[in-house]
Amino acid sequence: SIAANGTDASHQAYALGFQALLRFCSGRDGWRESLAEGLRLERPGPAGEVEFGPTALAADIGRLSFDLDAASAGYERLLDVAERHGDTRSETWALRGLVLVDLQLCRLDRAEARIQSLSEIADQSGLMYLPKLQCVAQLATLSGDVDAARDAVDAAIRTAEERGETHTLRL
(Lines give C-alpha, C1' and ligand atoms only; values in the text may rest on other atoms or scores of the structure.)
Protein backbone atom coordinates (compact mmCIF):
# COMPACT_ATOMS: atom_id res chain seq x y z
CA SER A 1 0.00 0.00 0.00
CA ILE A 2 1.20 3.51 -0.78
CA ALA A 3 0.29 4.79 2.69
CA ALA A 4 2.34 2.12 4.43
CA ASN A 5 5.64 2.48 2.58
CA GLY A 6 7.34 4.89 4.98
CA THR A 7 7.32 8.07 2.88
CA ASP A 8 6.19 11.35 4.39
CA ALA A 9 2.49 12.18 4.53
CA SER A 10 2.70 14.83 1.81
CA HIS A 11 4.15 12.42 -0.72
CA GLN A 12 1.69 9.75 0.34
CA ALA A 13 -1.22 12.14 -0.13
CA TYR A 14 -0.14 12.99 -3.68
CA ALA A 15 0.54 9.37 -4.57
CA LEU A 16 -2.85 8.30 -3.24
CA GLY A 17 -4.55 11.10 -5.16
CA PHE A 18 -2.96 9.97 -8.41
CA GLN A 19 -3.68 6.35 -7.60
CA ALA A 20 -7.35 7.30 -7.16
CA LEU A 21 -7.40 9.16 -10.47
CA LEU A 22 -5.78 6.26 -12.33
CA ARG A 23 -8.12 3.74 -10.73
CA PHE A 24 -11.14 5.91 -11.53
CA CYS A 25 -10.09 6.46 -15.15
CA SER A 26 -9.39 2.78 -15.67
CA GLY A 27 -12.68 1.70 -14.05
CA ARG A 28 -10.98 -0.12 -11.18
CA ASP A 29 -12.34 -0.44 -7.67
CA GLY A 30 -10.68 1.20 -4.69
CA TRP A 31 -10.40 4.73 -6.05
CA ARG A 32 -12.73 6.16 -3.40
CA GLU A 33 -10.67 4.67 -0.58
CA SER A 34 -7.39 5.92 -2.09
CA LEU A 35 -8.86 9.38 -2.57
CA ALA A 36 -10.29 9.53 0.94
CA GLU A 37 -6.92 8.57 2.44
CA GLY A 38 -5.10 11.07 0.21
CA LEU A 39 -7.48 13.84 1.28
CA ARG A 40 -6.96 12.89 4.93
CA LEU A 41 -3.18 13.16 4.57
CA GLU A 42 -3.12 16.27 2.37
CA ARG A 43 -1.69 19.48 3.75
CA PRO A 44 -1.59 22.70 1.74
CA GLY A 45 1.90 22.94 0.36
CA PRO A 46 4.05 25.58 -1.23
CA ALA A 47 3.03 27.34 -4.41
CA GLY A 48 2.90 25.10 -7.45
CA GLU A 49 2.07 21.89 -5.60
CA VAL A 50 -1.60 22.27 -4.76
CA GLU A 51 -2.88 21.83 -8.31
CA PHE A 52 -1.83 18.17 -8.32
CA GLY A 53 -2.92 17.34 -4.79
CA PRO A 54 -5.81 15.16 -3.74
CA THR A 55 -8.23 18.12 -3.48
CA ALA A 56 -7.60 19.05 -7.11
CA LEU A 57 -7.79 15.44 -8.25
CA ALA A 58 -11.02 14.90 -6.29
CA ALA A 59 -12.51 17.90 -8.08
CA ASP A 60 -11.38 16.54 -11.45
CA ILE A 61 -12.84 13.11 -10.67
CA GLY A 62 -16.09 14.80 -9.64
CA ARG A 63 -16.22 16.68 -12.95
CA LEU A 64 -15.37 13.60 -14.98
CA SER A 65 -17.98 11.50 -13.16
CA PHE A 66 -20.64 14.24 -13.42
CA ASP A 67 -20.75 14.68 -9.65
CA LEU A 68 -20.74 18.38 -10.37
CA ASP A 69 -21.61 19.51 -6.84
CA ALA A 70 -18.53 17.69 -5.53
CA ALA A 71 -16.45 19.04 -8.41
CA SER A 72 -17.56 22.61 -7.78
CA ALA A 73 -16.91 22.33 -4.04
CA GLY A 74 -13.46 20.84 -4.70
CA TYR A 75 -12.46 23.53 -7.17
CA GLU A 76 -13.73 26.22 -4.77
CA ARG A 77 -11.55 24.73 -1.98
CA LEU A 78 -8.59 24.58 -4.34
CA LEU A 79 -9.17 28.19 -5.40
CA ASP A 80 -9.33 29.32 -1.78
CA VAL A 81 -6.07 27.57 -0.86
CA ALA A 82 -4.36 28.81 -4.02
CA GLU A 83 -5.37 32.41 -3.39
CA ARG A 84 -4.23 32.24 0.25
CA HIS A 85 -0.84 30.81 -0.78
CA GLY A 86 -0.36 33.03 -3.84
CA ASP A 87 -0.27 29.94 -6.05
CA THR A 88 -1.13 31.27 -9.51
CA ARG A 89 -0.80 27.89 -11.22
CA SER A 90 -3.32 26.26 -8.89
CA GLU A 91 -5.58 29.30 -9.05
CA THR A 92 -5.81 29.02 -12.83
CA TRP A 93 -6.40 25.26 -12.59
CA ALA A 94 -9.26 25.83 -10.15
CA LEU A 95 -10.80 28.59 -12.27
CA ARG A 96 -10.62 26.40 -15.37
CA GLY A 97 -12.31 23.57 -13.47
CA LEU A 98 -15.05 25.90 -12.25
CA VAL A 99 -15.60 27.16 -15.80
CA LEU A 100 -15.92 23.60 -17.09
CA VAL A 101 -18.43 22.74 -14.35
CA ASP A 102 -20.43 25.87 -15.12
CA LEU A 103 -20.42 24.97 -18.81
CA GLN A 104 -21.57 21.43 -18.05
CA LEU A 105 -24.45 22.89 -16.05
CA CYS A 106 -25.15 25.51 -18.74
CA ARG A 107 -24.55 28.32 -16.26
CA LEU A 108 -23.20 30.49 -19.02
CA ASP A 109 -23.22 33.79 -17.10
CA ARG A 110 -21.15 32.26 -14.30
CA ALA A 111 -18.83 30.61 -16.81
CA GLU A 112 -18.33 33.92 -18.58
CA ALA A 113 -17.48 35.72 -15.32
CA ARG A 114 -14.99 33.01 -14.36
CA ILE A 115 -13.45 33.09 -17.84
CA GLN A 116 -12.84 36.79 -17.31
CA SER A 117 -10.93 36.02 -14.10
CA LEU A 118 -9.06 33.17 -15.77
CA SER A 119 -8.24 35.39 -18.75
CA GLU A 120 -6.77 38.14 -16.60
CA ILE A 121 -4.43 35.71 -14.87
CA ALA A 122 -3.61 33.68 -18.01
CA ASP A 123 -2.88 36.80 -20.05
CA GLN A 124 -0.55 38.17 -17.34
CA SER A 125 1.19 34.94 -16.42
CA GLY A 126 0.99 32.83 -19.58
CA LEU A 127 -0.32 29.96 -17.43
CA MET A 128 -3.31 28.03 -18.73
CA TYR A 129 -3.46 30.25 -21.82
CA LEU A 130 -4.46 27.45 -24.20
CA PRO A 131 -7.07 25.99 -21.81
CA LYS A 132 -8.42 29.53 -21.39
CA LEU A 133 -8.93 29.72 -25.15
CA GLN A 134 -10.60 26.31 -25.07
CA CYS A 135 -13.01 27.57 -22.39
CA VAL A 136 -13.74 30.68 -24.47
CA ALA A 137 -14.47 28.47 -27.50
CA GLN A 138 -16.76 26.19 -25.50
CA LEU A 139 -18.68 29.12 -24.05
CA ALA A 140 -19.06 30.70 -27.47
CA THR A 141 -20.28 27.39 -28.90
CA LEU A 142 -22.87 26.95 -26.16
CA SER A 143 -23.93 30.58 -26.61
CA GLY A 144 -24.42 30.05 -30.34
CA ASP A 145 -21.65 32.47 -31.32
CA VAL A 146 -20.01 30.43 -34.06
CA ASP A 147 -17.67 33.21 -35.17
CA ALA A 148 -16.30 33.74 -31.64
CA ALA A 149 -15.89 29.99 -31.24
CA ARG A 150 -13.95 29.76 -34.51
CA ASP A 151 -11.81 32.75 -33.52
CA ALA A 152 -10.95 31.14 -30.17
CA VAL A 153 -10.13 27.79 -31.78
CA ASP A 154 -7.98 29.51 -34.42
CA ALA A 155 -6.18 31.49 -31.69
CA ALA A 156 -5.59 28.29 -29.70
CA ILE A 157 -4.15 26.48 -32.71
CA ARG A 158 -2.00 29.46 -33.74
CA THR A 159 -0.69 29.92 -30.18
CA ALA A 160 -0.01 26.21 -29.74
CA GLU A 161 1.93 26.11 -33.00
CA GLU A 162 3.94 29.20 -32.02
CA ARG A 163 4.81 27.64 -28.67
CA GLY A 164 5.43 24.16 -30.04
CA GLU A 165 2.64 22.85 -27.83
CA THR A 166 0.31 21.29 -30.37
CA HIS A 167 0.22 18.13 -28.23
CA THR A 168 -1.90 20.06 -25.73
CA LEU A 169 -4.72 20.81 -28.16
CA ARG A 170 -7.69 18.77 -27.03
CA LEU A 171 -10.59 20.85 -28.30
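Mentor: Buried means under 20% relative accessible area, exposed over 50%, and partly exposed in between, with a 1.4 Å probe and protein chains only. This is a predicted model, in which local features need pLDDT of at least 70, side-chain atom pairs count only at pLDDT 80 or more, and totals for chains, interfaces and linings use all residues. Residues are numbered from 1 along each chain as its sequence is written, and side-chain values use heavy atoms, with hydrogens and water left out.
Trainee: How many salt bridges are there?
Mentor: The count comes to 7, where a salt bridge is a side-chain nitrogen of Lys or Arg within 4 Å of a carboxyl oxygen of Asp or Glu.
Trainee: Which residues are linked in a network?
Mentor: Salt bridges link Glu76, Asp102, Arg107 and Arg114 in a network. Asp102 pairs with Arg107 at 2.7 Å, N to O, and with Arg114 at 2.7 Å, N to O.
Trainee: And is Asp102 buried or exposed?
Mentor: Asp102 is buried, at 1% relative accessible area, and Arg114 is buried as well, at 14%, whereas Arg107 is partly exposed at 26%.
Trainee: What about Glu37, which residue does it bridge to?
Mentor: Glu37 forms a salt bridge with Arg40, with the closest N and O atoms 2.7 Å apart; Glu37 is partly exposed at 24%, and Arg40 is exposed at 51%.
Trainee: Switching to cysteines, how many disulfides does the structure hold?
Mentor: The structure holds 0 disulfides, a disulfide being a pair of cysteine sulfur atoms within 2.5 Å. Cys25 is exposed at 54%, whereas Cys135 is buried at 1%.
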